Amino acid sequence: MSTDTTRPPSLLDLDDHALEQNVAELGSPSYRAGQIRRAVYRRFALDFAEMTDLPQALRTQLSQRLRVGPAAVVGQQTSGDGSTTKLLLRLDDGELIETVLMRYDPFGKRRPRQTVCVSTQAGCAMGCTFCATGAQGFRRQLSAGEILLQVLTIARIAAGEAVADSDSLADESAAAADGSAGPSGLTNVVFMGMGEPLANYEATSAALTRLSDPEAFAMSPRRITVSTVGLVPGMRRLAADHPQVNLAISLHASDEALRNALVPVPSASLAAIVATAREHVRRTGRRVSLEYVLLAGINDAPSQASDLARLLRGLNGHVNLIPINPSPGVVGARPSRSAVLQFQAALETGGISTTVRVEKGRDIAAACGQLRGDRAPAAKAGS
Ligand code: SAH
Ligand code: SF4
């Protein structure tokens, strides 16, 4: 795979000040920076050539020193039921990552939701035994721009058209201001793809800032969720820097020995994680989610559910139960439906609210823990 080190830096990695400085250096008025931000984050223009409200000369100058995207989409698959689309993206240095769009309840009574699931690392160092990304090992950190590019690439697809007409800007602002889906129709962003977001804190935090910035992607932070394996320092920083962003903590066990076997991260003990979760609720006033992958015969006994309920007693939390999605090279089998329901019932008896996660995209290996950034045999080239 070729390595391209000659490409200019990404505009998505610049903060406001740096963008304004670039515009000033090119001798253009500062309002051009705002136009560029709107083109990128409201109309999902990933090439300066698409920013037709900028003078041609400025577009040319910008493209000589910066780029926006596009992402190299080397695979695109949609599940049989049409609910899930998975993109395989190739980064500049050849690393492959996956990004998923999930469409919920398109014909139901509730307002449809469209959620994008982003990766924060190529691979993952945490080594959870049941996870395809973990089996791959750590490859490298993603930059904030690479995280944002995933959202914007999916936003383009969700918007259903290449670039919206700039005439519709007034409507876009109105949609974003009331906290509803912006011009893309995306309603939620979850940091639940490949990698451990809090092991890449700076990039994750910068991406969160951009996504929730009213002048940028303008998504309410309450519609964004960061999922972590339980890195305590990162959880504390997240509560301080992004108190409105939802926190999901992957637990998977109700005792330390099993937790260590499934999630070999010594610094993340269950006791410390649950204490930090309680602190998070106190500091932010927001409920946390606890994720629990169910593995037949390993962590799915009703007695383990009762232990979990005890561990979480008094915590304003909600448990998401995720029957394992199988992948080659990972350990664990799916429990039967009745085992899942018994586990859920035992948790609820213990006073814990739970949901069994709705299956999405299993047939294209786009479900939780199946992302591994390789080309599935069925992947067809997309763009
Ligand atoms: N690293 C973070 C976020 C990415 S993993 C974390 O671990 O929380 C996102 C979610 O997918 C986690 O809850 C993880 O436990 C779950 N997951 C991993 N492998 C899975 C599998 N094989 N089946 C179902 N869920 C899985
Ligand atoms: Fe990493 Fe999350 Fe997979 Fe564990 S479950 S290996 S932390 S991506």
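This is a predicted model: local features need pLDDT of at least 70, side-chain atom pairs count only at pLDDT 80 or more; totals for chains, interfaces and linings use all residues.

Me: Okay, where does ligand 1 sit?

Reply: Ligand 1 sits in the largest cavity.

Me: And which residues come nearest to ligand 1?

Reply: There are 18 residues around ligand 1, and the nearest of them are Phe-130, Ser-227, Ser-250, His-252 and Asn-325.

Me: What do the nitrogen atoms of ligand 1 have around them? I mean backbone atoms.

Reply: A nitrogen atom of ligand 1 lies 2.7 Å from a backbone N or O atom of Phe-130. For Asn-325, a backbone N or O atom is 2.9 Å from a nitrogen atom of the ligand. With Gly-195, a polar backbone atom and a ligand nitrogen are 3.0 Å apart.

Me: How much of ligand 1's accessible area does the protein cover?

Reply: On its own, ligand 1 has 530 Å² of accessible area, and the protein covers 96% of that.

Me: Switching topic. What kind of peptide bond joins Gly-69 and Pro-70?

Reply: A cis one, with omega at about -15°. Pro-70 is in the loop that runs between α3 (56-65) and β1 (72-78).

Me: What else is in the loop between α3 and β1?

Reply: Arg-67 is one of the residues there.

Me: Is Arg-67 buried or exposed, and why?

Reply: Arg-67 counts as buried because its relative accessibility is 17%, and the cut-off for buried is under 20%.

Me: So what does the side chain of Arg-67 reach?

Reply: The side chain of Arg-67 reaches the backbone oxygen of Pro-8, at 2.5 Å. Leaving out residues up to four places away in sequence, Arg-67 touches Arg-7, Pro-8, Pro-9, Ser-10, Leu-11, Phe-48 and Asp-92.

Me: Why does Phe-44 count as buried?

Reply: Because the relative accessibility of Phe-44 is 3%.

Me: And what about the phi of Ala-218?

Reply: Ala-218 isn't a glycine either, and its phi is positive, near 60°. You'll find Ala-218 in the loop between α7 (201-212) and β8 (224-228). At 14% relative accessibility, Ala-218 counts as buried.

How values were computed: Residues are numbered from 1 along each chain as its sequence is written. Chains are lettered from A and ligands numbered from 1 in the order in which they are written. Side-chain values use heavy atoms; hydrogens and water are left out. Helices (H or I, at least four residues) and strands (E, at least two) are DSSP runs, numbered from the N terminus. Buried means under 20% relative accessible area, exposed over 50%, partly exposed in between (1.4 Å probe, protein chains only). A polar contact is a pair of N or O atoms within 3.5 Å; within protein, one must be able to donate a hydrogen and the other to accept it, and residues adjacent in sequence count only if both atoms are side-chain atoms. Contact means heavy atoms within 4.5 Å. A residue is near a molecule or strand if one of its heavy atoms lies within 4 Å of it. Accessible areas come from the Shrake-Rupley method with a 1.4 Å probe; for residues, only the protein chains shown count as cover. On a 1 Å grid over the protein atoms alone, a cavity is a set of points where a 1.4 Å probe fits but cannot get out, and a pocket is an open set with protein on both sides within 12 Å along at least five of seven lines; lining residues have an atom within 4 Å of a point. A molecule sits in a cavity or pocket if more than half of its atoms lie within 2 Å of its grid points.
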